[in-house]
Amino acid sequence: MNTDHRLGFSPLEGEFELDALPVEGSMPMWLRGTLFRNGPGTWGAGRTRMRHWFDGLAMLHRFGFHGGRVSYANKYLRSPQYLHVQRKGRIGYGEFATDPCRSIFKRLTSAFSPQFGSNASVSVHKLAGRFVALTETPLPVEFDPETLQTVGVIEYEDNVQGIGTSPHPHNDPKTGEAFNTITHFSRHCSYKIFRIAAQAGAPRREVMAEIPASEPAYMHSFGLTKHYVVLAEYPLVVNPAKMLLTGKPYAENLQWKPERPTRFHAVNKESGVLVGSWETEAFFAFHHVNAFEKGGEIVVDLLAYPDDAVIQDHYMDALLSHEAPTAAAELRRYRLRPGGSASYEVLTGEPLELPRINYDAHNGRDYSYVYGIGQNRITQGWPDRLVKVDVRNGSTRTWCEDGCYPGEPVFIPAPNGQGEDSGVILSVVLDTAAGTSFLLVMNASSFTEEARARVPHHIPFGFHGQHFG
Ligand code: CO
């Protein structure tokens, strides 16, 4: 039996459309709508190869639910990068950790006026009424939710300058507007916090706050409470002048400076006023889990790494070397006291990544449950289990099966469900023994399997998805 998880890093070349996947168990009849997932489909690029997990060419997957049946389709995103690879047999634009070979002259020109391949392989959102794929470069790529066909790169109707943005915008529960951040690299670097109105139409970014940063940090996500946008500025930074000169990919310009603190910043989301900044010990995180206000404090839950090793661990060479460990993240709760200090507690001993909550009902509010993928904390092997954490008492529930490697668990509330965890979670699981993947449907409350729908091929390890009713 082959149970090597590295199957998840092998490419899926084909594009499929299947009306009904074989279902085992009992699919909840109330489950409707569509789960879109995003992630790399291949790390090959003609004669060249992508160097990092994050750099693979974006592939969208669509699971449709109706009357207990599950349909499936997948398609590569026709981004400028993808089209360049098809035409020229090599990559044409820089990625997180992969760069096209260029002359020094071209490197300099591209550094001063960057062009983006918009290989949006990280997440899926609805922005100003449109379905979009997102990554950390600024422009979203619109796709057709029925056919998964690429509509095109969305050009914003504004003049906001910046390079690094978050593929995890937040939606304001009251207004529906989206909040996000973008890092502006120049002689005077800054983080800009902006919002995009929910109304359909040409999306415009309205910058509401700007926080200066001499050496901008790598920030993949942020928190949104009732009143505040909360940034965590890690000491994993880029020297902008050096980045312009070296012409190396972004990831190779990141410097871990543990002698510096991690800084939290809270910005009032109506007025744009920076209401506080807090310094705490050096750590790095990709993912905020949730943030809320309680008892005069701002509470920020996130998945913290002691350093930046996780970025090295996700280079393809490391991922494809047998049994290489992967850094484990710890679920921490930071408390930011107005005019005072910041401190944290660890909420569970289980390593966690790709965290999800009951977002619509609980983002920005006190909550009980976080779902994520987990890993063996001793061997730190590739994540091989789903974990549900009760953040009130640290208790956990786990799902795992021999040779199976689950992806991000997306929570979908049951209609008229009473509890925070009344609903299901959906996770794409790589079944290495079968050589295929299946969509696992779990009862979120009991954390037990309800059904699985098997895809006839494997689905490479991806990042984030979103369900739309
Ligand atoms: Co992410």
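**Exercise 1.** Identify the strands and helices that each supply at least two residues of the lining of the second largest pocket.

*Solution.* Take the elements as DSSP runs, helices being H or I of at least four residues and strands E of at least two, numbered from the N terminus. The contributors are β8 (123–127), β13 (170–171), β17 (223–224), β23 (284–294), β27 (353–356), α7 (359–362), β32 (410–413) and β36 (465–468).

This is a predicted model, in which local features need pLDDT of at least 70 and side-chain atom pairs pLDDT 80 or more, while totals for chains, interfaces and linings use all residues. Residues are numbered from 1 along each chain, and side-chain values use heavy atoms, without hydrogens or water.

**Exercise 2.** Describe the donors of the cobalt ion and their arrangement.

*Solution.* Step 1: collect the N, O and S atoms within 2.8 Å of the metal (3.2 Å for Na, K and Ca); water is not among the atoms, so sites may look incomplete.

Step 1: read the spacing along the chain, which is H-x51-H-x66-H-x176-H. His-168, in the loop between β12 (164–165) and β13, and His-220, in the loop between β16 (206–212) and β17, lie 52 residues apart and link distant parts of the chain.

Step 2: check the angles. Four donors are tetrahedral if all angles lie between 85 and 135 degrees; four are square planar and six octahedral if opposite donors are over 155 degrees apart and all others between 65 and 115; anything else is irregular. The 4 donor atoms subtend 91 to 154°, so the arrangement is irregular.
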